[in-house]
Amino acid sequence: MPKKISFEEAFAQATNESIKILGDVVSKIVTDYLERKYSIRLANTANNPSALDEALDHAIDGGRTIVERRLMNILYEKLGLERSLSEANSGNMNTPSFEQRVNEARGRYTIKS
């Protein structure tokens, strides 16, 4: 029986995988910004997704949507969850914030566990 992954571990893996889409230079800018401004590592943003959102906004502005959408897709896959309605509609004007979507995934995973 495979060991169950924690939400934090799944989020860290999803973050590391999704940030690769930016390439080495921009990924380093985002990582350095998080460490300098928040004293946290990229892999430890599960409890502070707004910090990751702000770092992505600072480093790549509108491109953060692509990274966040990819991160959420990877996260849902790692957690074995179906994408939620808010994830399926991400990008619309009424879409919940990145932090709200992460917290929704955490809640759904906790209930499933």
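**Helix packing and salt bridges**

Me: Starting with A59, what does this residue count as at 26% relative accessibility?
Reply: A59 counts as partly exposed at that 26%, since the partly exposed class runs between the 20% limit for buried and the 50% limit for exposed. Bear in mind throughout that this is a predicted model.

Me: Where is A59, and what is it in contact with?
Reply: A59 is found in helix 3, which covers residues 49-60, and, once its neighbours within four places in sequence are left aside, A59 is in contact with I29 and V30. The C-alpha atom of A59 is also separated by 8.2 Å from that of Y33, a residue 26 places away along the chain.

Me: Stepping back, how many helices and strands are there in the protein?
Reply: The protein has 6 helices and 0 strands, so that its pattern along the sequence reads α-α-α-α-α-α.

Me: And how much of the protein is buried?
Reply: Of the 113 residues in the protein, 37% are buried. As for how the chain comes together, 65% of the contacts between residues at least 6 apart in sequence join residues that are at least 24 apart.

Me: OK, helix 3 again. At what angle does it pack with helix 6?
Reply: Helix 3 and helix 6 pack at an angle of about 140°, and their axes are 8 Å apart. The crossing of these two helices is right-handed.

Me: Which residues meet there?
Reply: From helix 3 the residues are P49, S50, L52 and D53, and they meet F98, E99 and V102 in helix 6.

Me: What about helix 1 and helix 6, at what angle and axis distance do they pack?
Reply: Helix 1 packs with helix 6 (residues 98-112) at an angle of about 135°, with the two axes 11 Å apart. That angle makes helix 1 oblique to helix 6, because only angles over 145 degrees count as roughly antiparallel. Helix 1 passes helix 6 in a right-handed crossing.

Me: Which side chains or backbones am I looking for, i.e. which residues meet?
Reply: On the helix 1 side, look for F7, E8 and F11, which meet F98, V102, A105, R106 and Y109 in helix 6.

Me: Changing topic: how many salt bridges does a search of the whole structure find?
Reply: The search finds 8 salt bridges. One of the pairs is K78 with E17, whose closest N and O atoms are 3.0 Å apart. K78 lies in helix 4 (residues 64-79) and E17 in helix 1 (residues 7-19), so this pair ties together parts that are 61 residues apart in sequence.

Me: How accessible are K78 and E17?
Reply: K78 is partly exposed at 28% relative accessibility, and E17 is likewise partly exposed, with a relative accessible area of 31%.

Me: Which residues are linked in a network of salt bridges?
Reply: The network links D53, D57, R64 and E68. Within it, D57 and R64 form a salt bridge in which the closest N and O atoms are 2.9 Å apart, while the side chains of R64 and E68 meet at 3.8 Å, N to O. R64 and E68 are 4 residues apart in helix 4, so about one helical turn separates them.

Me: Is E68 buried or exposed?
Reply: E68 is buried, with a relative accessible area of 5%, whereas R64 is partly exposed at 24% and D57 is partly exposed at 32%.

Me: So what does E68 touch?
Reply: Not counting residues up to four places away in sequence, E68 touches D53, L56, F98 and R101.

Me: Last one, helix 4 itself. How far does it reach, and which residues are buried?
Reply: Helix 4 has 16 residues and reaches 22 Å from its first C-alpha to its last, which is close to the 22 Å expected at 1.5 Å a residue. Its buried residues are V67, E68, L71, M72, I74, L75, Y76 and L79.

Me: And what follows helix 4?
Reply: G80 follows helix 4, and the phi of G80 is positive, near 70°.

Methods:
Residues numbered from 1 in each chain as written. Predicted model: local features only at pLDDT ≥ 70, side-chain atom pairs only at ≥ 80, totals over all residues. Heavy atoms only, no water. Salt bridge = Lys/Arg side-chain N within 4 Å of Asp/Glu carboxyl O. Buried < 20%, exposed > 50% of the residue type's maximum accessible area, 1.4 Å probe, protein only. Expected span 1.5 Å × (residues − 1). Axes fitted to C-alpha atoms, helices over the stretch in contact; angles between N-to-C directions. Parallel < 35°, antiparallel > 145°, perpendicular 65-115°, else oblique. Left-handed = near helix turned anticlockwise from the far one by under 90°. Contact = heavy atoms within 4.5 Å.
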